[in-house]
Amino acid sequence: MLDLSTTRNRLWYTKPAREWVEALPIGSGKLGAMVFGGVLEERIQLNEDSLWYGGPMERANPEAGKALAEIRGLLFEGKLDEAERKARLSLTSTPKHIAPYQTLGDLKLSFHSTISETSEYARELDLDQGIVTVGYELDGRDYRREVLASHVDGVIAIRLTAGTPGALTFDANLIRRPFEGEAGRLEQVPTVYMTGQCGPDGVRYCMAARVVVEGGEACVIGDFLSVKGADAATLYIAAATTFRCKDPVGTCINVLDAAASKGYKDIRRDHIRDYSELFGRVSLELGAEEEAERLPTNERLARFREGGADPGLLALFFQYGRYLLIASSRRGSLPANLQGVWNDSHTPPWESDYHLNINLQMNYWPAESCNLAECHEPVFDLLDRLRERGSVTAKEVYGARGFTAHHATDLWAETNVIGLYMPAVIWPMGGAWLALHLWEHYRYNMDETFLRERAYPTLKEAALFLLDFLVEDDSGRLVTAPSLSPENTYRLPNGQTGRLCVGPSMDSQIAHALFTACLEAIDVLNFSGDTRERDFRSEVADAIVRLPKPAIGRAGGLMEWSEDYEEVEPGHRHISHLFALHPGEQITPRGEPEMAAAARTTLERRLANGGGHTGWSRAWIVEFWARLGDGEAALQHLSALLSKSVHPNLFGDHPPFQIDANFGGTAALAEMLLQSHRGEILLLPALPQAWPDGRISGLRGRGGCVVDLEWSGGALARAVLRSEKGGSYVIRYEGAGLAARTEDGFEPELAVAARASRELRLTLSAGESVILLPAYG
């Protein structure tokens with residue numbers, strides 16, 4: 001029997017999953033699995049993060065460098081059709097499309113029983129421990145199954161027990177239909193494995209399973225593991241590909257040997273210790289609805305969709321997003337792709353690739369603010385490889401220094417123009433946007449060694465590309481060309497429509513953020529004696545003032561392009577021209593109120609025309625409203641995300657399943673409670689009335705700090721700010737003035753001077769904490 005006395009950080013259900021989007025996910029970064037919880041037959045669908053079809057390819061179009069000037073000329077002349085045709089022929093890669101991320105296969109368990117009716121069935125995912133558990137009573141016997149993915153030991157472990165000695169009899173086998181490879185077996189230590197290759201030049205893989213029994217007997221029959229009359233049994237699953245090792249079979253066997261020797265008890269203990277150190281950093285309470293808390297997650301979701309209040313479900317969704325990031329992105333793994341690490345198809349939607357025109361970036365929006373900075377590291381590893389390949393693309397396609405990447409990439413860090421979908425593919429800003437994640441990592445942890453050795457070199461290379469790629473328009477501004485506003489279409493006064501364009505607003509905003517980061521990084525790193533860095537700084541400083549600034553169009557919203565074009569689809573899912581509001585910080589309500597008002601008009605117009613119809617787009621909309629300080633609108637759209645765009649297992653829905661909605665929604669909720677951009681820390685900037693009382697601990701702010709918040713009656717009750725590296729902080733709370741005291745009761749000198757203000761300026765030493773209290777009247 002499972003203990004369901006508390007369900008705060010648990011997803012739970014009273015029936016096995018019938019569909020993949022009802023199954024429960026586990027993951028260790030490199031390995032992932034979906035647990036269905038069947039009684040007589042259990043399916044555990046498996047993934048390994050480097051199992052992509054095909055190998056690296058040279059894709060550069062030999063016509064690209066020769067055609068660039070002509071394409072630009074056609075765009076400036078307004079000959080859109082000719083420009084797009086020339087770009088399609090000359091810039092798109094040869095061949096056109098990248099290959100997909102694929103399922104590893106399934107582990108199938110078949111249990112021997114003449115009875116199929118169960119009682120007391122429950123399956124759950126415990127977010128506090130990172131373990132899926134299935135329990136039920138069958139024929140008067142209690143059965144229990146635990147499944148975990150251990151980052152420490154590199155295995156998926158499945159522990160099966162029964163309340164009656166000798167009650168476990170089952171068979172297990174590995175399948176990868178319809179692309180099964182060669183089967184292998186080790187009889188002395190009951191092990192089966194499957195090997196194969198993912199297409200010509202693709203990775204070779206191995207997945208292997210071993211069983212260890214207590215009581216009864218276990219053996220290999222054909223390619224089955226067969227267990228008879230056991231008291232308990234533990235299955236260990238390992239997987240590897242030649243992306244990381246030369247001998248996947250030998251690697252898997254070694255991992256299984258070590259796991260079997262260590263034993264499930266110690267593997268479980270070390271898994272919980274490793275996982276909970278990350279997950280346990282942040283806790284959240286938004287209020288509880290007792291009736292809702294008692295319901296299984298699918299029934300709870302249905303109640304919420306019918307209008308039932310349930311702030312606890314939003315808190316669960318927040319923590320679930322943090323869980324999914326830990327499970328799909330760990331040190332040494334690949335980044336979370338469009339489906340994290342979970343995919344049951346050989347031909348998944350959009351190849352389950354890395355989309356760089358928002359989706360991969362959104363996956364990592366919660367990494368820093370939600371205290372999972374280590375989970376960000378796979379992005380930096382990918383950037384190292386993108387930078388290497390992207391320098392070739394920058395030179396061959398654009399004749400530019402630095403590096404570039406376009407709208408999508410894959411296992412092999414492809415940087416060329418991929419695909420033929422013209423509204424998306426010829427967009428050379430993917431590398432620049434992704435490079436800003438390095439800058440964000442620095443801003444949150446203030447590690448100058450990381451900035452100097454890891455972040456700044458990539459930021460500089462991304463900026464060098466833009467310095468060479470930008471061209472002067474008729475107004476003397478520096479604009480990108482050719483490019484586009486992902487993945488939108490505009491209409492000229494003569495009725496002609498186009499996607500390819502000169503100077504889309506998002507490009508200028510990304511360039512502004514990147515150039516700003518470079519200038520600030522150079523000042524931090526003090527390159528005053530380096531002539532080359534001084535010259536580079538001058539180049540950036542000269543260019544940044546010539547970028548087009550955000551502008552207001554005739555409809556009252558921000559212009560999406562450098563010209564005030566008409567939108568063909570006013571409710572488009574991408575809202576790229578609000579990058580300056582989020583994740584950028586070029587526009588803030590206090591700093592640029594007129595532009596912030598225009599951003600609000602843009603949002604309202606998008607929504608009035610059907611915007612927010614995909615899960616990830618809705619999550620971005622919540623971020624926008626949070627940055628505008630509108631807690632009611634933010635909550636409305638966060639609620640809409642759960643009402644319209646999640647599956648029964650709370651996976652985000654594009655549709656189909658796409659995980660960025662989970663990560664974007666988690667980051668957005670955090671943004672409602674704490675913001676830390678433009679040199680200020682904002683406490684409860686978008687708190688909705690429906691959350692009158694609550695608390696959150698462990699959120700991180702830029703400047704190297706951790707913040708805990710408590711509020712009551714819709715107002716701040718208490719906050720604690722802990723400085724990790726030491727520094728100066730500007731703290732704002734719009735609800736009242738702020739007072740500050742140290743843990744021993746003293747008020748910092750600067751806090752006393754500013755006590756009546758809604759803004760406090762404090763300087764703290766590394767490790768020092770300050771308590772922040774409202775000072776009304």
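**Entry 1: cavities.** I searched the whole structure and found four cavities of 30 Å³ or more. On a 1 Å grid over the protein atoms alone, a cavity is a set of points where a 1.4 Å probe fits but cannot get out, and lining residues have an atom within 4 Å of a point. Grid points are joined across faces, edges and corners, and a volume is the space filled by probe spheres set on the points. The model is predicted, so local features need pLDDT of at least 70 and side-chain atom pairs count only at pLDDT 80 or more, while totals for chains, interfaces and linings use all residues. Residues are numbered from 1 along each chain as its sequence is written, and side-chain values use heavy atoms, with hydrogens and water left out.

**Entry 2: the largest cavity.** I noted a volume of about 80 Å³ for the largest cavity. It is lined by 13 residues, and Gly-27, Gly-130, Ala-149, His-271 and Tyr-275 are the closest to its centre. Strand E2 (24-27), helix H4 (264-279) and H7 each give two or more residues to this lining. Helices (H or I, at least four residues) and strands (E, at least two) are DSSP runs, numbered from the N terminus.

**Entry 3: the second largest cavity.** I read a volume of about 60 Å³ here. Among the lining residues are Ser-369, Tyr-444, Glu-671 and Arg-702. H18, strand E25 (674-675) and strand E27 (694-701) each contribute two or more residues.

**Entry 4: the largest pocket.** A pocket is an open set of points with protein on both sides within 12 Å along at least five of seven lines. I found about 1,000 Å³ of space in the largest pocket. Of its 45 lining residues, Trp-439, Glu-440, Arg-443, Glu-585 and Arg-702 lie nearest the centre. H11 gives the largest share of the lining, eight residues.

**Entry 5: H6 and H7.** I looked up how helix H6 (residues 297-305) meets helix H7 (residues 311-328): their axes come within 10 Å and cross at roughly 125°. Axes are lines fitted to C-alpha atoms, for helices over the stretch in contact, and angles run from 0 to 180 degrees between N-to-C directions. H6 is therefore oblique to H7; angles under 35 degrees count as roughly parallel, over 145 as roughly antiparallel, 65 to 115 as roughly perpendicular and the rest as oblique. Arg-300, Leu-301 and Phe-304 of H6 make the contact with Gly-312, Leu-313, Leu-314 and Leu-316 of H7, where contact means heavy atoms within 4.5 Å.
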